[in-house]
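Q: I am new to this structure and would be grateful for a close look at one part of it.

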Amino acid sequence: MDYEKFISESSKNRKSSAIRAISGYLHQKGMISLGAGQPNSSTFPFAGMSMTLKTGETLEIDHELFSRSLSYDMTPGLPHLNEWLCELQRIEHKPPVGFELTIGTGSQDLITKAFDMLINDGDSLLIERPTYTGCLSFLKGMKCDLADIDTDANGIIPEALESMLANWPASNPSGKKDQPRPRCLYTIPSGGNPTGVSATLERKQAVYKICQKYDVLIIEDDAYYYLQFGTKRTPSYLSLDVDGRVLRCDSMSKILSAGLRLGWITGPKVLLDRINMHTMVTNLQPSGVPQVMAYTLLNKWGYDGFFKHIDDVSAFYRQKRDEFVECLDRRMKGRAEWVVPTAGMFVWLRLLGGIKDSYDLVMTKALKENVLAIPGVAFMPQGETTEYIRVSYSSVSKENMDEGLRRLAKVIDQEAEENGTPIAVQNPN
């Protein structure tokens, strides 16, 4: 593929740091470094580190690795962890074409750098409606427009994507007639945030084919990939990528620890080189200590142990999902509509009772009843009002799920009454 046409002018103008460019040589045997301004590690007060797991087992971090983690290191991440994750990608996704991998300070660090690399001022980005509010907040600060694509219970609707691209610029949501057709699609294919829905393999295949036809790159933001509830995980876009048009983002946040702030991006070398160059001139590298913590644990587990852990984590959230759906059936029937999620942590509720705008209901009335949710407008690319809200079951006890939904039901009933469309359901005891 010709990647030059995808790379933004700001990314093309970015030059690598001369200091960071030599970081790969610092740990080469026999190398005498008079170039890098490395602080002398003998002045650091930390001598070693161990971790106690919930199993009771204690893991000692290798002394040499721990010492290395306290200093500046390579921009794509600790080589030991980077290669472990590369092999994980080969085992799990079996990418049809060559790839490289870069570790970042959480996957959002890498996603936003990908946006910066691919979007010029005045461009338009293909994006799902609704989509993750964190990325929307970043994109609103860029001088670009968002071409939002309809989704349903199975992810992006291929016909909507095809129509948007085939009829551009007449189909352009911004109304601009001189705007170039979008070159990039941002998607959350598993356990979507906020919808909780997952794209089927058939949908992914159809979307990928359309992206081939119109030469569109795919940013696959798949933080919830390992939280799928079925017996077999749906193959990723990376696993379908015969062209090298997928940038796949993964995260440790949902499977090891959110506070570690570790994510990784997989894709073509040309594109990852640009992301690494961005890191060189901003945060330099992912933090060393979280990387050696993660590597020590993953190396101890091996891939079989990792997948056993993933099975346990997904089973935990599947049970949470089942408990929450039971509470939804009891408290929300007649008050809302929803799709039962097959992955992730969220349910996207469409409020009934004549409610057209959920913002005040959530941010004022529900707060007074001591229950939190997120108004749907936060996830709408064009910022339009909506009757939807996002609720999460990830960290709530079953008792509090039921009580929280009872409080929310009370607010919906009051709002429906004011709208002249009272809810015709009986509150359970």
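Which helix supplies the largest share of the lining of the largest pocket, and how many residues come from it?

A: This is a predicted model, in which local features need pLDDT of at least 70, side-chain atom pairs count only at pLDDT 80 or more, and totals for chains, interfaces and linings use all residues. Residues are numbered from 1 along each chain as its sequence is written, and side-chain values use heavy atoms, with hydrogens and water left out.

The largest share of that lining comes from H11, which provides 11 residues. A pocket here is an open set of points on a 1 Å grid over the protein atoms alone, where a 1.4 Å probe fits and protein lies on both sides within 12 Å along at least five of seven lines; lining residues have an atom within 4 Å of a point. The space in the largest pocket is about 760 Å³, a volume being the space filled by probe spheres set on the points, which are joined across faces, edges and corners. Its lining consists of 24 residues, of which Lys-54, Leu-256, Leu-297, Trp-301 and His-309 are the closest to the centre. At least two lining residues come from each of strand E1 (50-52) and helix H11 (288-331). Helices (H or I, at least four residues) and strands (E, at least two) are DSSP runs, numbered from the N terminus.

By class, 13 of the lining residues are nonpolar, six are polar and five are charged. Ala, Val, Leu, Ile, Met, Phe, Trp, Tyr, Cys and Pro count as nonpolar, Asp, Glu, Lys and Arg as charged, and the others, Gly among them, as polar.

Charged residues also form salt bridges, 37 in the structure; each is a side-chain nitrogen of Lys or Arg within 4 Å of a carboxyl oxygen of Asp or Glu. One of them joins Asp-116 to Arg-14, with the closest N and O atoms 3.1 Å apart. This pair links distant parts of the chain, 102 residues apart: Asp-116 belongs to helix H5 (residues 107-118), and Arg-14 to the loop between H1 and helix H2 (18-21). Asp-116 and Arg-14 are both buried, that is, under 20% relative accessible area (1.4 Å probe, protein chains only), where exposed is over 50% and partly exposed lies in between. Another salt bridge connects Arg-248 with Asp-250, at 2.9 Å between the closest N and O atoms. Arg-248 and Asp-250 are buried.
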